[in-house]
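Please read this briefing alongside the sequence and the coordinates shown below. It is arranged by topic.

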Amino acid sequence: MNNNNNIINRNATPTWSGFMHQGKVGLLIALREINKFIDSNTRNLPQKYSEYTINYENAEDFDITDNAGNAISRHQVKAYKNKTSINDYKGPRTKEQTTNIKGVKKISTPGFRTNGSPQDQRFLHTVTNVEGFSLSEDEYKQDFPQRKFIENTSGIQLYEYEKDTFFCPLTTSEDQDSIRQYCHIEIKAILRKMQNTLLDNPTHFNQFFNSYIASTLDSKIGSAHVNSKHPQISFSEILELLLKEDYDFVNDAKNTLIVCWEEFKNDYDQNFEPDIIEKADSFIYEIYNKTSQDFENIFRDLYPGAKKNEKLSNILNKQLIQNILLELLLNIGIFDLKTLTYHDTDNVSYMMSLISTRNKPMYVGNLVEKLGNDTNFFLRIFNSQYLINENITKTKIFENIIDDEINGKYIENSYRKEWRVRREDNILINDLEFIDVEDAEKKLGTF
């Protein structure tokens, strides 16, 4: 920690999903500062502001620091659901106190770290309306006689997102994501001041936002942890990313994965033990944290038979990710990410896929035909007995292909010959079966 190596007993670094929420809030604050500093005359960010930074996890959740490293504002983010009393926010309302014991600073009173932050620039970000936060003790006791008053010794204040709005609801839905919408407003204002033509690009905002979360912020986290430092992102880096015209579209696919996971957690986390959620959370992050190429390879392998030239974000299906991948993660456990397989107690292999024909049952024949034309699929499936999918079960994948017909659909001669060659070369496993999620859960259990 910068100048804080002798202080111990601080809280651990938050989980990655919580950190990403902090990251979004930090981005909003930075964009508002950039918008304020942009010079409309020169249509640029003055040099003295370019090295201002978002400094994550330094003193509190994040600081906005100037080019000399001084905090111009300090922020703590609390994503507590249904917490509306100031008693739920005792920590940030309490000023942290330390004591010196044999030359080592120890925390004697946990709370908000005020040292080095302007008194009127300490902010708390919440996802619910906290009642009576700014009231005096007398006012609070009059309005809430049954509640305990917590003195605000840290001098923290609720952040005002817009006029008289002092909280920002937490949501995973892109069209209802208030933080995302606030960021969009600032970005439009910045691009308008800079008279940049990207303002007219309807897809630019989402590409920037997803790239910031999936690439810039994530890489900074990784780099900072390797070097035992705290993630820092300069205003110039944010502006450079904002003005970028070519983006890595895998970031859009990564965003889809995260949205799926957060929605699934919000709906079902009460049904599972915290350690199960934590293991799944870590596994999702492991996938998310892959390089763009490795991430793309994983999901293309989960969609065998898909068109090779189709954009990954177009292939990903949120419903199938939730109904298959996340369902199995929470009910069975993590699978081997290298081979994309589960193994039961008899070492029988079950290969994961995000295949479904639920809405088009007559598609099975066409699906098998596509699988037969996917060389990579054959190389991966060789040692597996089951192919997990959403709805096809107790059906041997290649059994009918030898009889030239699948579900009444005749296969062209080129395919029929290819199947026979694969069979003769022992590449084809005749016993390979489709198995749906429900039956897979029954067979695998909690191995």
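This is a predicted model: local features need pLDDT of at least 70, side-chain atom pairs count only at pLDDT 80 or more; totals for chains, interfaces and linings use all residues.

Residues are numbered from 1 along each chain as its sequence is written, and side-chain values use heavy atoms, with hydrogens and water left out.

**Nonpolar cores**

- A nonpolar core is taken as a set of buried Ala, Val, Leu, Ile, Met, Phe, Trp, Tyr and Cys residues joined through side-chain atoms within 4.5 Å, where buried means under 20% relative accessible area, computed with a 1.4 Å probe on protein chains only.
- The largest such core has 89 residues, and Tyr-212, Ile-238 and Phe-299 touch the most other members; its largest share, 10 residues, is supplied by helix 1 (residues 16-37), helices (H or I, at least four residues) and strands (E, at least two) being DSSP runs numbered from the N terminus.
- Apart from this core lies another, of 14 residues, which includes Ile-355, Phe-377, Phe-378 and Phe-434.
- Leaving aside neighbours within four places in sequence, Ile-238 is in contact (heavy atoms within 4.5 Å) with Leu-27, Ala-30, Leu-31, Ile-34, Ile-54, Phe-208, Tyr-212 and Ile-233.

**Leu-191**

- Leu-191 belongs to helix 5 (residues 178-193) and is buried, with a relative accessible area of 3%.
- Not counting residues up to four places away in sequence, Leu-191 touches Asn-196, Leu-198, Leu-199, His-204, Leu-242 and Leu-243.
- The C-alpha atoms of Leu-191 and Asn-44 are separated by 10.0 Å, although the two residues are 147 residues apart along the chain.

- Five strands form an open sheet in the order 10-11-12-16-13 with mixed pairing, two strands being paired if DSSP finds at least two bridges between them.
- Strand 10 (341-343) and strand 13 (395-396) stand at the edges with a single partner strand each, so one side of each is left without a neighbour in the sheet.
- Strand 11 (residues 349-351) and strand 12 (residues 386-389) run parallel and are joined by two bridges, with Tyr-350 standing opposite Tyr-386 in strand 12.

**Helix 9 and helix 12**

- The axes of helix 9 (residues 274-288) and helix 12 (residues 318-331) come within 9 Å and cross at roughly 135 degrees, where axes are lines fitted to C-alpha atoms over the stretch in contact and angles run from 0 to 180 degrees between N-to-C directions.
- Ile-276, Ile-277, Ala-280, Phe-283 and Ile-284 in helix 9 meet Leu-325, Leu-326, Leu-329 and Leu-330 in helix 12.

Conventions
Buried means under 20% relative accessible area, exposed over 50%, partly exposed in between (1.4 Å probe, protein chains only).
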